[in-house]
Amino acid sequence: MQWLDIGVNLTHRSFDADREQVIERASAAGVSSMIVTGADLESSRAAAELARTHAGILFATAGVHPHHAATLEAPTIEALRELLAQSQVVAVGECGLDYYRNFAPRPAQRHAFESQLRLAAETGRPVFLHQREAHADFVALLRDFRSSLSGAVAHCFTGTAEELETYLELGLSIGITGWFCDERRGAHLHALVRRIPPERLMLETDAPYLMPRNLKPRPSNHRNEPMFLPHIGAAVAQARGETAEFCAAHTSAHARAFFHLDAVAQAWTS
Ligand SMILES: [Zn+2]
């Protein structure tokens with residue numbers, strides 16, 4: 001069984017001491033490909049470099065998270081565009097709106113999001129989206145660009161049935177994390193996940209964040225790792241009434257197609 005983690009923050013400093021072992025443990029657990037999330041220009045550069053040195057296993061996104069929206073200026077977009085010219089950098093993001101934390105002023109967030117949607121439209125790369133407590137503004141901006149985007153995935157979906165319907169109508173793919181395994185906050189997702197067509201569903205750990213709460217034994221360092229993706233996948237499969245094998249197969253196949261990973265592999269070998 002092979003799984004694909006579409007969102008892992010492998011450049012995070014909590015992995016500095018044992019990053020290679022984390023990648024090896026994930027591969028040994030059947031997580032054969034991972035997409036390393038870029039959250040600002042610096043971490044996007046680091047993600048691109050990490051993916052370059054782990055060809056075929058790691059891929060990267062390049063973008064500015066809404067928390068860092070105030071750091072985005074015109075030269076940032078040009079630098080992201082240069083990163084996106086590298087074949088292993090497969091998506092724009094993570095980008096979007098976060099009105100829950102409001103680490104950046106909302107107008108700056110909207111500007112950064114719009115600039116990155118435009119970049120995705122221009123480069124033909126899909127977008128890796130983050131949204132928290134900002135559904136209405138998020139959907140309004142996305143609607144303006146939807147027809148010119150090659151693909152869009154709502155990463156770490158934790159929303160309501162209504163939000164899910166809107167996303168599916170807009171043609172979004174849906175990323176499910178270990179939030180799903182949280183018996184308090186994630187319970188509502190168990191019914192919702194059945195509504196996601198197999199060709200729209202992807203899985204992610206968001207490591208080192210969002211450790212599945214029902215892991216046994218729980219890692220003493222409380223750090224999530226991509227090797228726990230099969231644990232999330234098994235829970236999602238059970239809720240959908242599928243075998244884990246089938247869930248691994250369709251979520252991986254969808255992610256490979258969505259991020260054009262086979263084209264990247266070809267670019268590397270030619
Ligand atoms: Zn996020």
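This is a predicted model: local features need pLDDT of at least 70, side-chain atom pairs count only at pLDDT 80 or more; totals for chains, interfaces and linings use all residues.

Biologist: Which kind of aromatic pair do Phe-157 and Tyr-167 form?

Modeller: For ring pairs, look at the angle between the planes; over 60 degrees counts as edge-to-face. There are 4 aromatic pairs in the structure. Phe-157 and Tyr-167 make an edge-to-face one, with 75° between the planes and 5.8 Å centre to centre. Phe-157 sits in the loop between strand S6 (152–154) and H6, and Tyr-167 in helix H6, so their pair ties together parts 10 residues apart in sequence. Ring pairs also link these two with Phe-113 and Phe-138 into a cluster.

Biologist: What sits over the ring of Trp-179?

Modeller: That's the charged end of Arg-185, 3.8 Å from the ring centre. Likewise, Arg-106 lies over the face of Tyr-99, 4.2 Å from the centre of that ring.

Biologist: And pockets: how many residues line the largest pocket?

Modeller: It has 28 lining residues, with His-65, His-67, Glu-94, Asp-206 and Tyr-209 nearest the centre. Helix H2 (41–52), strand S4 (89–98) and strand S5 (127–132) each give two or more residues to that lining. By class, you get 12 polar, 9 charged and 7 nonpolar residues. The space in this pocket is about 790 Å³.

Biologist: Which element gives the largest share of the lining of the second largest pocket?

Modeller: S5, with 4 residues. That pocket holds about 220 Å³ of space.

Technical notes: Residues are numbered from 1 along each chain as its sequence is written. Side-chain values use heavy atoms; hydrogens and water are left out. On a 1 Å grid over the protein atoms alone, a cavity is a set of points where a 1.4 Å probe fits but cannot get out, and a pocket is an open set with protein on both sides within 12 Å along at least five of seven lines; lining residues have an atom within 4 Å of a point. Grid points are joined across faces, edges and corners, and a volume is the space filled by probe spheres set on the points. Ala, Val, Leu, Ile, Met, Phe, Trp, Tyr, Cys and Pro count as nonpolar, Asp, Glu, Lys and Arg as charged, and the others, Gly among them, as polar. Rings of Phe, Tyr and Trp (its six-membered ring) pair if their centres lie within 6.5 Å; planes under 30 degrees apart count as stacked, over 60 as edge-to-face and the rest as tilted. A charge sits over a ring if NZ of Lys or CZ of Arg is within 6 Å of the ring centre and within 35 degrees of the ring normal.
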